[in-house]
Amino acid sequence: MKTVAVIGATGSQGGGVARQLQKSGEWQVRGITRNVESKSAQNLKTEGMEVVAADLDDHESLMKAFQGVHAIYAVTNFWEHIFTKGADGAGQHEVKQASNISAAAAHIPTLEHYVFSTLQPASVISKGKAPVPHMDYKATVDDYIKKELPELAKKTTFLCIAFYGANLAGIPFMKPLELPMSGGKYIWAQPTPSTALLPLTGNGSHNVGVFVRAIISHPEKTRGKYMNVKTEVLTFQQILNIWSEVSGKEAVYAELGVEEYEKLWGPAGTEMAMQYKFGQVAKGDWEVLMREKGVLVQPEEVGIRKGDLLDLRQTLEGMKDSLV
């Protein structure tokens, strides 16, 4: 049985990928994490996975962790450092880590497939009108792989991830909040019109895993190409309507000024406001460059059916107790 290494296997995205691949019975999963003694890492072992330590800032530790693997799923976390380093510092750190992973992967002789969790370049798509650091920095790693690691690029599938449905439950500045003395009503205050469009990943932990399994099962169709994990494109008002129906709570959408949103939520608020501005410019279409270049693989081409994925409503229903 071939081995697939999963970066961040104790996290939401990496953990979902690891469990989907393990459940398939087609791969031996090697979870890569900083702390092999953590409870999450021990849970992976209990589920039959191998767990190996590596530091994304340490090229040599990655080389050791990747020995003998046939596929790698690589994900990095811009948001981990935004409050301490700011957007540019977080982006530069993420690029360094993603480059370390890619450079280590390029030296593994057994490697057949590399899947990199990425995003499209907002600056390019918007023609400079709406740069978004967490998108633009990550997209530079795509260019690094293609230009500096051409043999790895031939083995790489670039996987773009849209807005997680779970954000509406777990992240304070992205979720509806209860209004005091309103009789239990909620408000979703975001710095974009209610009619703006947002591509959604639905249940990220589940759906990203479904895509990765399909990608590495169809290398002839996916290597050197892009895929986009997306279940639907909805307006912010439609998103809130679904949240309200699932939670059973009356909710109102309020368009907040960008400056006010930034004052409330700091660097993370600034970053999201920039993404929402890009969303308005792009009119919800984040796939335009992939289509123009002819490198976009559609889900049905690798056997992914609509029923295999969990959309926003299903995602929120699965975490109903966490919505309010």
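View 1. Leaving aside neighbours within four places in sequence, Tyr73 is in contact with Ala5, Val6, Ile7, Gln13, Val17, Val115, Ser117, Leu159, Ile161, Val208 and Val212; contact means heavy atoms within 4.5 Å. The model is predicted: local features need pLDDT of at least 70, side-chain atom pairs count only at pLDDT 80 or more, and totals for chains, interfaces and linings use all residues. Residues are numbered from 1 along each chain as its sequence is written, and side-chain values use heavy atoms, with hydrogens and water left out. The largest nonpolar core has 64 residues, of which Ile7, Leu21, Phe66, Tyr73, Tyr114, Leu159 and Val208 touch the most other members. Helix H9 (residues 204-217) gives the most to this core, with 7 residues. A second, separate core of 27 residues includes Phe163, Leu234, Leu316 and Leu323. A nonpolar core is a set of buried Ala, Val, Leu, Ile, Met, Phe, Trp, Tyr and Cys residues joined through side-chain atoms within 4.5 Å. Buried means under 20% relative accessible area, exposed over 50%, and partly exposed in between (1.4 Å probe, protein chains only). Helices (H or I, at least four residues) and strands (E, at least two) are DSSP runs, numbered from the N terminus.

View 2. In strand S5 (residues 113-118), 6 of the 6 residues are buried, so the strand is largely enclosed by the rest of the structure. His113, Val115 and Ser117 point one way from S5, while Tyr114, Phe116 and Thr118 point the other way. In a regular strand the side chains alternate between the two faces of the sheet. Strand S4 (residues 71-74) runs parallel to S5 and is joined to it by 4 bridges; two strands pair if DSSP finds at least two bridges between them. Ile72 has Tyr114 of S5 as its bridge partner.

**View 3. The open sheet S7-S10-S12.** This open sheet has 3 strands in the order S7-S10-S12, with mixed pairing. Strand S7 (163-164) and strand S12 (232-235) stand at the edges with a single partner strand each, so one side of each is left without a neighbour in the sheet. S7 pairs with strand S10 (residues 197-202) in the parallel sense over 2 bridges. Within that pairing, Tyr164 has Gly202 of S10 as its bridge partner.

**View 4. Aromatic pairs.** The whole structure holds 9 aromatic pairs. Rings of Phe, Tyr and Trp (its six-membered ring) pair if their centres lie within 6.5 Å; planes under 30 degrees apart count as stacked, over 60 as edge-to-face and the rest as tilted. Phe173 and Trp265 form a tilted pair, 6.0 Å centre to centre with 45° between the planes. Phe173 lies in the loop between helix H8 (167-170) and strand S8 (177-178) and Trp265 in helix H12 (residues 258-282), so the pair ties together parts that are 92 residues apart in sequence. Phe173 is buried at 10% relative accessibility, whereas Trp265 is partly exposed at 26%. The rings of Phe278 and Trp286 also form a tilted pair, with centres 5.5 Å apart and planes at 55°; both residues are buried. Ring pairs also link Trp188, Phe236, Tyr253 and Tyr276 into a cluster.

**View 5. Lys146 over Phe158.** The charged end of Lys146 sits over the ring of Phe158, 5.2 Å from the ring centre. The criterion is NZ of Lys or CZ of Arg within 6 Å of the ring centre and within 35 degrees of the ring normal.

**View 6. Ser247 in helix H11.** Ser247 belongs to helix H11 (residues 236-247) and is buried at 14% relative accessibility. A polar atom of the Ser247 side chain lies 3.4 Å from the backbone oxygen of Ser244. Not counting residues up to four places away in sequence, Ser247 touches Leu323 and Val324.

**View 7. Two loop residues with positive phi.** Met181 is a residue other than glycine with phi near 60°. Met181 is placed in the loop between S8 and strand S9 (186-190) and is exposed at 90% relative accessibility. Lys283, also not a glycine, has a positive phi of about 55°. Lys283 lies in the loop between H12 and helix H13 (288-292) and is exposed, with a relative accessible area of 66%.

Conventions
A polar contact is a pair of N or O atoms within 3.5 Å; within protein, one must be able to donate a hydrogen and the other to accept it, and residues adjacent in sequence count only if both atoms are side-chain atoms.
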